[in-house]
Amino acid sequence: MWPEDAAARYREKGYWLGETLGDFLRARAARFGARTAVVDGARRTSYAELDARADRLAAGLVRFGIARGDRVVVQLPNVLEFFDVVFALFRIGALPVFALPVHRATEIGYFCAHAEARAFVTVDSHEGFDHRDLGGGVPTIVVGEPGPHTALADLYDEPVPLDGPAAGDLAFLQLSGGSTGVPKLIPRTHDDYLYSVRASADICGLTTDSVYLVALPVAHNYPLSSPGVLGALHAGSRIVLAPRADPDTAFGLIERERVTITGVVPPLAIIWTDSAARADYDLSSLEVLQVGGAKFSAEAARRVGPALGCAVQQVFGMAEGLVNYTRLDDPEDIVTGTQGRPISPDDELRVVDEDDEPVWPGEVGHLLTRGPYTIRGYYRADAHNARAFTRDGFYRTGDLVRLTDGGYVVVEGRDKDQINRGGEKVAAEEVENLLLAHPAVLDAAVVAMPDPLLGERSCAYVIAREPVRGAVLRAHVRDQGLAAFKVPDRVEFLDAFPLTPVGKVDKKALRLRWEDA
Ligand code: AMP
Ligand code: DBH
């Protein structure tokens, strides 16, 4: 949490308004009542209805045993019930832990255990996978057919009075892509998050005429808040939920709902750009395509406008806080050649060398940041926090950047032990630990290899004790029950790893094997 002098400054400057997310929806409903808030297939829900659904579900969740301060792991795809669940929890003052639909038993089990979850909310099945038993022994609430668990549909009761949280309290736990053996949970408060939401809606030009398509999984920080569904609710816009992000599904919804803005990751932007010419859809309503989550090349950025007939906005953000946007009125070279500038005049960005000393202006260095919506520590992670934050509270992003004269950020690389697979982050150590658990593996090092579509894919270098096939090791990782994107794309065998002068595995040298190839 922030030191009191910083908190006082953020309140004084009007960033932290003392509003909770539950009150936020109430105020939006009072203002935009009859307007359509969420479109999910044939279901169209107004602001007033959304508000009432959250109150009714909050009552049922309290009856289920959920109280203020409890953590609840929420794993829902892009469905209307996501809004009911998270706003009901916000009103109770219980904290959603935002899992993604791709997560499996290993991740869900970890989130439930680490957050000591009181309940797990999921969907009966999604993309052919049955989610109902992922919570293990944690009481489970299911959207759809509940099996032996509780049906969410049975929890919409008559509203009850709630004492609710304070705006300075934690609102939820967001996930970090991470770089360590286990994922980190990110504690965000009502006050800090809503500041980033309001400011983002403003920067992205959202109004009551905007229609925001949720193409990515809604619980991810980017479609949730940059400006995402919360930004859309702030502005009185209409939210359209896409069940999938393939061009036919997304373009069909853009045409049908007259979508004006959406946010995607670079591989999707590339696929949409390529498909637009071939597809026979009316995309004329689309004004802004946001691209973020991983580096978007200037070449790819230049192709978007002509193909899709819209402007590009680059977004460089992190669930820990700091979000940068190119502005809608920025010149072409800024929009294609940078990852934007921070939301807030009070976002502090430092670019430093290995000794935390500032580099020369314009030079590449490690990005450290601190500000009104950037966390000061991960949830229940004291030892890690001592490394991940400086003593004066700056978050070590693990990104290598340079700043332009105008204060725009250009992402040049990364020093964290992570593979960014088109926006899906793989913590190398997490996968290495799973590989090491296989009897044939003596040592393992997972690194990024370049990929034309995803930007990066993962390659596991393995020193084997005995002959084993790469496919067997990939299956071994997959069988541990974790998100499919973490399975190494490729396995290569070596007799020994290159070492750095101090004797650590030289991952830079391992990555270079691919760049030279
Ligand atoms: P997380 O901390 O898991 O929320 O992931 C945030 C990280 O994603 C950042 O620290 C960057 O490494 C990466 N990232 C997000 N957006 C971009 C972007 N536009 N360009 C390059 N990297 C990005
Ligand atoms: O990658 C991210 O985590 C991200 C990207 C864009 C993010 O959290 C965000 C915008 O808010």
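Residues are numbered from 1 along each chain as its sequence is written, while chains are lettered from A and ligands numbered from 1 in the order in which they are written. Because the model is predicted, local features need pLDDT of at least 70 and side-chain atom pairs count only at pLDDT 80 or more, whereas totals for chains, interfaces and linings use all residues; side-chain values use heavy atoms, with hydrogens and water left out.

Helices (H or I, at least four residues) and strands (E, at least two) are DSSP runs numbered from the N terminus, and two strands are said to pair if DSSP finds at least two bridges between them. Strand S1 (residues 36-40) and strand S2 (residues 43-46) run antiparallel and are joined by four bridges, one of which links Val39 to its partner Arg44 in S2. Two residues lie between the strands of this hairpin, and Gly41 takes a positive phi near 60° there.

Helix H3 (residues 47-64) contains Asp51. Asp51 is buried, with a relative accessible area of 11%, where buried means under 20% relative accessible area, exposed over 50%, and partly exposed in between (1.4 Å probe, protein chains only). Leaving aside residues up to four places away in sequence, Asp51 touches Leu25, Arg26, Ala29 and Arg91, a contact being heavy atoms within 4.5 Å.

In helix H5 (residues 105-114), the buried residues are Glu107, Ile108, Phe111, Cys112 and His114. Their cover includes strand S3 (71-74), strand S4 (95-98), strand S5 (119-123), strand S10 (170-175) and strand S11 (185-189). After H5 comes Glu116, which has a positive phi near 50°.

Glu127, in the loop between strand S6 (125-126) and strand S7 (129-130), has a positive phi of about 50° although it is not a glycine, and Glu127 is exposed, with a relative accessible area of 58%. Arg258, in the loop between helix H9 (247-257) and strand S14 (261-264), likewise has a positive phi, near 55°, without being a glycine; Arg258 is partly exposed, at a relative accessible area of 38%.

A cis peptide bond runs from Ser226 to Pro227, with omega near -15°, and Pro227 is placed in the loop between helix H7 (221-225) and helix H8 (228-235). Ser226 also belongs to the residues around ligand 2, together with His220, Asn221, Tyr222, Gly293, Val315, Gly317, Met318, Ala319, Val323 and Lys425, each counted if one of its heavy atoms lies within 4 Å of the ligand.

H7 and strand S16 (311-318) each supply at least two residues of this shell, and S16 gives the largest share, three residues. By class, the shell has five nonpolar, five polar and one charged residues, where Ala, Val, Leu, Ile, Met, Phe, Trp, Tyr, Cys and Pro count as nonpolar, Asp, Glu, Lys and Arg as charged, and the others, Gly among them, as polar.

Which atoms meet the oxygen atoms of ligand 2? An oxygen atom of the ligand is 3.0 Å from an N or O atom in the side chain of Asn221, and an oxygen atom is also found 3.5 Å from a polar backbone atom of Met318 and 3.3 Å from one of Ala319. Taken alone, ligand 2 exposes 280 Å², of which the protein buries 95%, the areas coming from the Shrake-Rupley method with a 1.4 Å probe.

Technical notes:
Polar contact = N/O pair within 3.5 Å; in protein donor to acceptor, adjacent residues only side chain to side chain.
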